[in-house]
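Here is a guided walk through one protein model, meant to be read with the viewer open.

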Amino acid sequence: MDSKNQTVKTVMLEELKESIAGCTACKLSTTRKNIVFGEGNPDARVMFIGEGPGKDEDIQGRPFVGRAGILLTAIIEKGMKLRRSDVYIGNVVKCRPTVNLEGTRDRPPEDDEKEACGGYLKKQISIIRPEVIITLGNPATRFLLNTKQGITKMRGTWYTYEGIPVMPTFHPSYILRNGGDSSPLKKLVWEDIKKVLEYLEKGIRDAEDVDNENNETIKLTTRHNNDTVQGSLF
Ligand code: SF4
C-alpha cells in the first residue's frame, strides 16, 4: 500500500466528513441521530455501497453494523478472505430513511434524498478511486449506474462508473429476508463476489460491460475460471 497516497486520501475524506457535519440538505436530517459517513481503508481496492443507514447504523454512526452488516462482514472476511478494514463501506444517503419520518420502520431513500446526498458519495468515490465497486441492492445500483433496471437482472454483470468496474449484487438484507443462511441467494451473491475476486487477482472481467454514460456495450474478455479464485462461500 502506498502510505503517502493513503495519507492524502485520509485527509481528503476527513475534510469531506467535516464539511457535511450538521448537514440539513434533506428531510432525513430531522430524524437522524448520527450522520453515517462511511468507513474503511481510504486506499481500498474494493468499495461496497449500500442504500442508507438503518437503526443500528444511525445509533452507532457506522455503516453496516446491524444484522445485514454482520452478513456483509462475513462476505468480506469469510468469503473474500479480506479484513473488513481493508475495504471501504459507504451508502448513497448518510442519514437513516424511515417510513413517514417516524424513526421506526426503515425504507429506501427517496429521489430527492438521493439527489441531495449522492454528491457526497460520488466525492468519496473520486477520492478513494477503488479498483472495483460492489453495489448492494436496487437503490445503490440504480443511483450509481443511473438506470431503472432491477438488481435481479443486473447482478453478476460488469458495468462501469467513471471508468471504475462496478459489480451489482443483492443487498445482505435481501438475503436475510429470504431465508438467511439457507437462502439460495447466498450462492448467487458468491458467484458475483467470485467475479470480483477474479478481476482483482487477474484483471479479468467476463461477460459484457455497459458504459452507462455512453450507453454502449463493450465486449470484454470472456474467461470462466472461478475455480482458481481464493475464497469460499461465506
Ligand atoms: S441524508 Fe445526506 S443530504 Fe440528507 S441531511 Fe443527511 S447528510 Fe445531508
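Predicted model: local features only at pLDDT ≥ 70, side-chain atom pairs only at ≥ 80, totals over all residues.

The protein has eight helices and eight strands, and 40% of its 234 residues count as buried. Among contacts between residues at least 6 apart in sequence, 71% join residues at least 24 apart.

Which strands pair with β2? One is β4, joined to β2 in the parallel sense over four bridges, and another is β3, which also runs parallel to β2 and is linked to it by four bridges. To find these pairings in the viewer, look for isoleucine 49 opposite threonine 135 in β4, and for methionine 47 with its bridge partner tyrosine 88 in β3.

Strand β5 (residues 158-161) runs antiparallel to β6, and three bridges join them; tyrosine 161 stands opposite isoleucine 164 in β6. The hairpin of β5 and β6 has two residues between the strands, and in it glutamate 162 takes a positive phi near 50°.

Now for the nonpolar core. The largest one has 50 residues, and those that touch the most other members are Val46, Met47, Phe48, Ile49, Ile75, Val87 and Ile134.

Val196 takes us to helix α8, where it is one of the buried residues, along with others including Trp190, Ile193 and Leu197. An α-helix has 3.6 residues a turn, so residues three or four places apart point the same way. What do the buried residues of α8 pack against? Their partners are β2 (46-50), α3 (67-79), β4 (132-136), β6 (164-169) and α7 (172-177). The helix geometry can be checked too: at 1.5 Å a residue, the 18 residues of α8 (residues 185-202) should span 26 Å, and its end C-alpha atoms are 26 Å apart, which agrees. After α8 comes glycine 203, with a positive phi near 70°.

Helix α7 holds proline 172. Is proline 172 buried or exposed? It is buried, because 28 other C-beta atoms lie within 10 Å. Leaving aside neighbours within four places in sequence, proline 172 is in contact with Ala68, Leu71, Leu72 and Leu136. Proline 172 and glycine 50 are 122 residues apart in sequence, while their C-alpha atoms are 9.4 Å apart in space.

Helix α5 (residues 138-145) is worth a visit as well. Eight of its eight residues are buried, so the helix is largely enclosed by the rest of the structure. The cover over these buried residues includes β2, α4 (111-128), β4, α6 (151-154), β5 and β6. Asparagine 146 follows α5 and has a positive phi, near 50°.

Most residues other than glycine have a negative phi, and most peptide bonds are trans. Lysine 81 has a positive phi of about 60° although it is not a glycine, and it sits in the loop between α3 and β3 (88-91). With 12 other C-beta atoms within 10 Å, lysine 81 is exposed. Leucine 101, also not a glycine, has a positive phi of about 55° and lies in the loop between β3 and α4. Its 13 C-beta neighbours inside 10 Å make leucine 101 partly exposed.

Finally, turn to the ligand. How many residues surround the ligand? There are 14, and the closest are Cys23, Cys26, Ser29, Cys95 and Cys117. By class, this shell has ten nonpolar, two polar and two charged residues.

Notes: Residues numbered from 1 in each chain as written. Near = placed C-beta within 6 Å. Nonpolar A, V, L, I, M, F, W, Y, C, P; charged D, E, K, R; others polar. Core = buried A, V, L, I, M, F, W, Y, C linked by C-beta atoms within 7 Å. Buried ≥ 20, exposed ≤ 12 C-beta atoms within 10 Å, placed from the backbone. Expected span 1.5 Å × (residues − 1). Contact = placed C-beta atoms within 7 Å. Pairing = 2+ DSSP bridges.
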